[in-house]
Each structure stands twice: as C-alpha cells, then as structure tokens.
Amino acid sequence: MSRFKKKSKNLAKDLAMERIQGLFELAESEYSSNPERSNEYVSLARKIGMRFLVRFPRELKVRFCKNCGSYLVPGNNCRIRLKGRYMVITCLKCENIKRYPYSSTQTLETLSNE
C-alpha cells in the first residue's frame with residue numbers, strides 16, 4: 001500500500017470518528033424531546049463505525065445498547081448497578097445486560113483529585 005493511500009485512510013477514519021461523536025451529541029440533545037430520533041442517530045453512528053472500521057471509545061460504548069440499538073440514558077431507559085468489580089448496565093427496553101470492569105480505587109482517586 002502506498003504512503004498516500006495510508007494517509008487518506010487515516011484521514012477517513014478521523015473524519016468518521018468526528019461524525020460519530022457529533023451524532024452521539026445530537027442523540028443526547030434530542031433524547032428528551034424525541035427518543036426515537038436519538039435511536040436513529042445511534043444506528044447511523046454504528047453504520048459509520050462499521051463501514052470505516054472505527055472502534056468506539058468506552059464513553060460511547062456505554063451509551064447505547066448493542067442488542068436493540070437504543071440510546072441509553074441512566075434512570076430513563078437503563079439501570080446501572082455496581083457489583084463487585086463490574087458495572088452492570090441493563091437496558092430496560094430489551095432487558096439486555098452489559099458488564100464493564102472498573103476499579104473502585106481508581107474511581108475514588110479520580111474523585112479526590114477533582
């Protein structure tokens with residue numbers, strides 16, 4: 001692969017990541033008035049990510065359900081529980097469960113630094 005193709009590929013991935021983040025911001029702002037539209041923004045962001053092979057950062061992975069594709073808002077359509085070393089997120093629309101590891105000492109350190 002030539003050097004120019006690699007450079008354009010990286011530019012495309014960067015642009016795709018910016019668009020994905022923008023779509024999640026739109027989904028967050030639209031959720032209160034129109035939850036279905038925010039779900040459409042999330043599905044569009046996922047399609048962009050799959051097309052350009054972009055990995056979502058953890059902050060964005062936690063914000064949508066991989067099973068039903070809905071935008072998750074804690075207290076409205078998802079439940080978050082801390083069990084041992086895991087954060088358990090339950091989608092209340094499809095009852096899908098996701099578990100993410102976390103360290104309570106790290107969270108305490110970040111809170112004390114602020």
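How many disulfides does a search of the whole structure find?

Modeller: This is a predicted model, and the search of the whole structure returns zero disulfides. Cysteine 78 takes part in no disulfide, and the nearest cysteine sulfur to its own belongs to cysteine 91, 7.6 Å away. A disulfide needs two cysteine sulfur atoms within 2.5 Å, so the 7.6 Å to cysteine 91 rules this pair out. Cysteine 78 is also buried, at a relative accessible area of 4%.

Cysteine 94 is the other case. Cysteine 94 is partly exposed, with a relative accessibility of 26%.

Now to the strands. An open sheet is made of three strands in the order S1-S2-S3, with antiparallel pairing. The edges are strand S1, residues 78-83, and strand S3, residues 97-101, each of which pairs on one side only. From one strand to the next, the twist averages 20°. In general, strands of a sheet pair through backbone hydrogen bonds, in a parallel or an antiparallel way.

Strand S2 covers residues 86-91 and is joined to S1 by six bridges, the two running antiparallel. Within this pairing, arginine 79 stands opposite threonine 90 of S2.

To return to your question, the count of disulfides in the whole structure is zero.

Conventions: Residues numbered from 1 in each chain as written. Predicted model: local features only at pLDDT ≥ 70, side-chain atom pairs only at ≥ 80, totals over all residues. Heavy atoms only, no water. Buried < 20%, exposed > 50% of the residue type's maximum accessible area, 1.4 Å probe, protein only. Pairing = 2+ DSSP bridges. Helix = DSSP H or I, 4+ residues; strand = E, 2+ residues; numbered from the N terminus. Axes fitted to C-alpha atoms, helices over the stretch in contact; angles between N-to-C directions.
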